[in-house]
Amino acid sequence: MGMLLQLLRGLPWTLALMATAFAVGSVLGLPLMMARVSRLLPLRLAATVLFAIVRSIPPLVWLFIIFFGIGFGLINMSAFTACLIAFGMIAAINMAEIYRGGLIAIHFGQFEAAHALNLSGWHVFRDVVAPQMFRVALPSSATYAIGLFKDSAIASTIGIPELTYQANYLSQTTFQGLKVFGLVGLIYIAVSLPVAWMSRLLDAKIRAKVAR
Amino acid sequence: MLDGAASGGPEPIGAQPAPGGAYAAVRPALSVQNVYKSFGTHVVLSDINLSIHTGEVLAIIGPSGSGKSTLLRCINFLEPPDRGIVTVGDVSVSGGVPVARRELWRLRQNLGMVFQSFNLFPHMNVLRNVSLAQERVLGRSRKEADEVSLQLLARVGLTDKAQQYPARCSGGQQQRIAIARALALDPKVMLFDEPTSSLDPELGFEVLVVMRKLVESGMTMIVVTHEMGFAENVSEHTMVMAEGVVVEYGPSREVMRNPQTERTKRFLRAVSER
């Protein structure tokens with residue numbers, strides 16, 4: 001019981017990391033997606049290059065670049081801030097790609113109908129495109145949020161006292177690695193499964209309305 | 001009425017009375033002047049001219065790939081023409097040059113469009129589909145827009161579907177909702193792009209009944225169609241297109257029963273032998 005309580009002390013950190021990074025990614029992903037599909041070639045090219053660079057480098061390396069590189073010498077930052085920047089940036093790029101998938105899935109006839117009805121660009125986006133895009137993006141976004149929850153474990157490498165950090169500490173002090181890491185695995189499962197289940201439920205509910 | 005039919009050459013749009021003298025020499029409700037459109041090297045529309053008066057119904061028929069749908073899409077600039085002028089009421093917009101957003105808005109304000117695949121917004125219920133543009137474009141309140149929408153849904157016989165989502169409606173019902181949605185903006189001219197082509201005959205019939213009612217109410221309409229019965233019996237004039245040009249134009253009954261060009265004869269023969 002004491003071991004479980006000790007581990008659970010890391011859960012708020014893990015959840016905070018995941019939720020903040022996911023929120024940052026969900027918001028910044030939208031303008032990034034727009035840049036990625038922009039009609040302006042320089043903007044589209046710049047976005048494409050940025051996406052390629054961010055996605056080609058492993059998250060752990062990004063974390064070290066930001067914390068040990070930029071964070072030591074250039075701009076002073078806490079380990080948590082470094083995590084937020086790294087995870088937020090990676091989440092923004094991944095969410096942009098998820099949104100882009102949602103956008104591509106919208107039938108071109110929807111745009112034609114909206115334009116024929118004389119809706120302004122903003123209204124086309126707000127009333128026609130965004131609701132359909134977010135609906136298509138919902139299952140992938142939930143999957144990504146779960147991925148982010150698990151990937152936040154690498155924050156332990158720079159001293160964030162989240163779940164894996166606590167497990168590592170316990171394992172080193174109690175020498176019960178299997179038990180500790182087995183238990184922390186169960187905690188990850190206990191959080192991930194309900195998120196996946198809620199996402200499927202919500203998706204099914206929306207799908208029931210709009211599809212036969 | 002149409003000028004320059006089959007000639008392919010740019011002739012002026014006149015206001016001479018249509019055969020039968022049904023229309024006075026007044027400004028047309030819609031005119032298309034020398035509209036040309038190509039996709040790469042493929043010419044889709046070659047200097048098309050036509051004009052249609054208020055209350056007139058024009059059917060456009062012809063084989064697939066003849067440019068009928070592209071012509072409709074050029075009229076409301078969903079597909080901007082490479083050159084030519086489209087005039088609806090007192091709004092003229094030229095192709096091939098940058099078009100001011102305001103001009104495009106004014107042009108489309110006068111045009112209602114019904115698509116072959118309905119293109120209803122699947123995430124909104126039927127009432128919202130019909131009300132949305134009224135609020136956003138005409139500035140009507142939600143209540144006002146919903147009242148108008150319910151009247152229009154009654155007109156197309158679908159009041160009971162107001163709270164349903166489009167996916168719960170049949171194809172014919174969806175097309176009738178699409179008609180109500182287009183009518184909600186009080187257009188001067190309705191453009192129909194093969195409105196029954198994706199429907200089975202029974203559901204297509206429901207849509208044709210609504211379209212006939214619209215004709216009786218005096219709506220000006222351009223209908224791209226494969227429904228020869230509709231073209232012959234409901235539209236005053238029929239235009240036959242093939243390979244991007246107008247091959248024949250005239251009073252519908254004459255075009256259908258006594259076609260003058262070999263291309264029209266071949267097309268009508270193919271249709272009747274299906």
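A bit of housekeeping before that. This is a predicted model, where local features need pLDDT of at least 70 and side-chain atom pairs count only at pLDDT 80 or more, while totals for chains, interfaces and linings use all residues. Residues are numbered from 1 along each chain as its sequence is written, and chains are lettered from A and ligands numbered from 1 in the order in which they are written.

Okay, chain A. What is it built from? It has 9 helices and 0 strands; helices here are DSSP runs of H or I with at least four residues, strands are runs of E with at least two, and both are numbered from the N terminus. The C-alpha trace of chain A spans about 70 × 45 × 20 Å along its principal axes. Of its 212 residues, 33% count as buried, meaning that 20 or more other C-beta atoms, placed from the backbone, lie within 10 Å of the residue's own.

Let's zoom in on helix H8 of chain A, residues 163–174. Its 12 residues should span 16 Å at 1.5 Å a residue, and the end C-alpha atoms are 16 Å apart, so the two agree. That expected span is 1.5 Å times one less than the number of residues. Among the buried residues of H8(A) are A:Leu163, A:Tyr165 and A:Leu170. What do the buried residues of H8(A) pack against? They sit against helix H1 (2–8), helix H2 (11–36) and helix H9 (177–210) of chain A, with contact meaning C-beta atoms, placed from the backbone, within 7 Å.

Next, a helix pair in chain A. Helix H6 (residues 108–116) and helix H7 (residues 121–151) of chain A pack at about 165°, with axes 10 Å apart. Axes are lines fitted to C-alpha atoms, for helices over the stretch in contact, and angles run from 0 to 180 degrees between N-to-C directions. H6(A) and H7(A) are therefore roughly antiparallel, the word for angles over 145 degrees. On the H6(A) side the contact uses A:Gln110, A:Phe111 and A:Ala114, and on the H7(A) side A:Val124, A:Val128 and A:Gln132.

Over to chain B. There's an open sheet of 4 strands, in the order S2-S1-S4-S5, with antiparallel pairing; strands pair if DSSP finds at least two bridges between them. At its edges are strand S2 (42–52) and strand S5 (91–94) of chain B, each pairing on one side only. Strand S1 (residues 30–39) of chain B is joined to S2(B) by 7 bridges, and B:Lys37 stands opposite B:Leu45 in S2(B). Helix H1 (residues 68–75) of chain B lies across S1, S2 and strand S4 (83–88), at about 65° to S2(B).

Now strand S7 (residues 189–193) of chain B: 5 of its 5 residues are buried, so S7(B) is largely enclosed by the rest of the structure. It runs parallel to strand S6 (residues 111–114) of chain B, joined by 4 bridges, and parallel to strand S8 (residues 220–224) of chain B, joined by 5 bridges.

Last stop: how many residues does each chain give to the contact? It's 19 from chain B and 19 from chain A. On the chain B side, the largest share, 4 residues, comes from H3(B).

Key
Contact = placed C-beta atoms within 7 Å. Buried ≥ 20, exposed ≤ 12 C-beta atoms within 10 Å, placed from the backbone. Parallel < 35°, antiparallel > 145°, perpendicular 65-115°, else oblique.
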